[in-house]
There are 2 protein chains.
Amino acid sequence: METGASGHWFDDFEIGQRFETDGYTFTESSIIDFALQYDPQYFHLDRERAAGSLYGGLVASGFHTLSVVFRLLVQAQAFGAGNLGGKGMDEVRWQRAVRPGDTLRVFCEVIDLLPSSYPDRGHMRMAFRACNQRNETALTGVLLPILQRRPAGR
Amino acid sequence: METGASGHWFDDFEIGQRFETDGYTFTESSIIDFALQYDPQYFHLDRERAAGSLYGGLVASGFHTLSVVFRLLVQAQAFGAGNLGGKGMDEVRWQRAVRPGDTLRVFCEVIDLLPSSYPDRGHMRMAFRACNQRNETALTGVLLPILQRRPAGR
């Protein structure tokens with residue numbers, strides 16, 4: 001399995017191609033800091049009250065885990081050399097809580113490639129699955145990046 | 001239009017109910033700080049190089065705008081008194097770039113309510129639209145929160 005696609009343009013990807021990323025360990029402080037800014041609910045912020053919640057303890061905001069997933073994908077150069085930005089995401093599912101000390105790693109697969117009506121770009125559908133250190137799936141979804149086509153002469 | 005649903009449980013929401021949130025102004029430093037951690041691509045980080053990109057200047061990470069949308073919804077108590085966490089999101093679409101100085105505000109609507117097989121909770125589908133100060137749509141999607149049902153005697 002490849003770990004990235006550096007130097008790849010839209011034209012160089014193939015349906016079925018798979019990548020995996022490095023891991024990232026969620027600390028209690030990173031979980032609380034993110035939540036204070038973006039998702040201030042007690043099960044992300046308050047260790048004492050979270051212990052009595054459904055989760056039995058502090059868990060990371062889903063927007064935190066999603067942002068970390070994207071960071072890991074960018075760092076692995078999963079979108080190649082010419083990512084023009086994202087159109088959106090489909091079917092994002094937070095399947096399992098992410099707790100302090102959990103390490104996530106992302107596995108992804110190119111599931112569709114469609115040239116755009118603009119001749120310089122194309123649309124990809126990339127399915128992703130973030131797994132913890134016990135290989136349990138924490139988060140799945142489909143990203144819709146817009147990628148640059150190989151420029152003439154490169 | 002209501003600005004929140006404080007004190008609401010799953011049973012108190014109705015399909016078609018609408019909320020709006022306060023606004024949030026994206027600064028250049030907040031855009032760059034978020035991107036450095038979670039989405040380190042040059043059009044979010046490097047003012048000089050971003051000027052030559054498709055966007056013609058720095059734009060916020062889509063994960064930043066999404067996280068801000070959620071913060072505004074939590075702050076407006078859009079999920080009422082008993083949010084148990086999110087199941088996921090569908091059809092997230094970044095429709096327009098968010099630039100330094102842009103102010104986003106979120107409009108949302110309850111589009112579905114389905115009691116869970118667990119008697120203490122129910123599933124909501126909430127469509128959201130984040131608009132800038134010119135009332136242009138920047139981001140749309142559907143959130144899938146899981147809400148607590150009204151406890152006996154409350």
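## Basis of the description

Because the model is predicted, local features are reported only where pLDDT is at least 70 and side-chain atom pairs only at pLDDT 80 or more, whereas totals for chains, interfaces and linings use all residues. Residues are numbered from 1 along each chain as its sequence is written, chains are lettered from A and ligands numbered from 1 in the order in which they are written, and side-chain values rest on heavy atoms, with hydrogens and water left out.

## Helix packing between the chains

Two packed helices are described by the angle between their axes and the distance between the axes. Axes here are lines fitted to C-alpha atoms, for helices over the stretch in contact, and the angles run from 0 to 180 degrees between N-to-C directions. Helices themselves are DSSP runs of H or I with at least four residues, and strands are runs of E with at least two, both numbered from the N terminus. Angles under 35 degrees count as roughly parallel, over 145 as roughly antiparallel, 65 to 115 as roughly perpendicular and the rest as oblique.

The helices α4(A) and α4(B) pack at an angle of about 180°, with their axes 10 Å apart, and are therefore roughly antiparallel to each other. In this contact (heavy atoms within 4.5 Å), A:Phe63, A:Leu66, A:Ser67 and A:Phe70 of α4(A) meet B:Phe63, B:Leu66, B:Ser67 and B:Phe70 of α4(B). The residues of the contact of α4(A) with α4(B) divide into six nonpolar, two polar and no charged, where Ala, Val, Leu, Ile, Met, Phe, Trp, Tyr, Cys and Pro count as nonpolar, Asp, Glu, Lys and Arg as charged, and the others, Gly among them, as polar.

For α1(A) and α4(B), the packing angle is about 70° and the axes are 8 Å apart, so α1(A) and α4(B) are roughly perpendicular to each other. From α1(A), A:Phe34, A:Leu36, A:Gln37 and A:Tyr38 make the contact, and from α4(B), B:His64, B:Ser67, B:Val68, B:Phe70 and B:Arg71. The residues of the contact of α1(A) with α4(B) comprise five nonpolar, three polar and one charged.

## The buried side of α1(B)

In helix α1 of chain B, residues 28-38, the buried residues (under 20% relative accessible area, with exposed meaning over 50% and partly exposed in between, for a 1.4 Å probe and protein chains only) are B:Ser30, B:Ile31, B:Phe34, B:Ala35 and B:Tyr38. They lie on the same side of α1(B) because they cover an arc of only 125° around the axis, the arc being that of the directions from the helix axis to the C-beta atoms.

The cover over the buried residues of α1(B) draws on both chains, and includes α1 (28-38) and α4 (62-75) of chain A together with β1 (18-25), α2 (42-45) and α4 (62-75) of chain B.

## Buried residues in chain A

A:Ser61, in the loop between α3 and α4 of chain A, counts as buried at 0% relative accessibility. A polar atom of the A:Ser61 side chain lies 3.1 Å from the backbone nitrogen of A:Phe63, a polar contact being a pair of N or O atoms within 3.5 Å in which, within protein, one must be able to donate a hydrogen and the other to accept it, while residues adjacent in sequence count only if both atoms are side-chain atoms. Not counting residues up to four places away in sequence, A:Ser61 touches A:Phe34, A:Asp39 and A:His44. A:Ala50, in helix α3 (residues 47-51) of chain A, is also buried, with a relative accessible area of 0%, and with the exclusion of residues up to four places away in sequence, A:Ala50 touches A:Tyr42, A:Phe43, A:Gly56, A:Gly57 and A:Leu58.

## The β4–β5 loop of chain A

The loop between β4 (121-131) and β5 (137-148) of chain A holds A:Asn132, which counts as buried at 6% relative accessibility. The side chain of A:Asn132 has a polar atom 2.9 Å from the backbone nitrogen of A:Arg134, and, not counting residues up to four places away in sequence, A:Asn132 touches A:Arg96, A:Thr103 and A:Leu104.

A:Asn135 is in the loop between β4 and β5 of chain A and counts as exposed at 56% relative accessibility. Although A:Asn135 is not a glycine, its phi is positive, at about 65°.

## Two sites in chain B

B:Gln77, in the loop between α4 and β2 (83-94) of chain B, has a positive phi near 55° in a residue other than glycine, and is partly exposed, with a relative accessible area of 37%.

B:Trp9 lies in the segment before β1 of chain B and is buried, with a relative accessible area of 9%. Leaving aside neighbours within four places in sequence, B:Trp9 is in contact with B:Ala81, B:Gly82, B:Gln148, B:Arg149, B:Arg150, B:Pro151 and B:Arg154.
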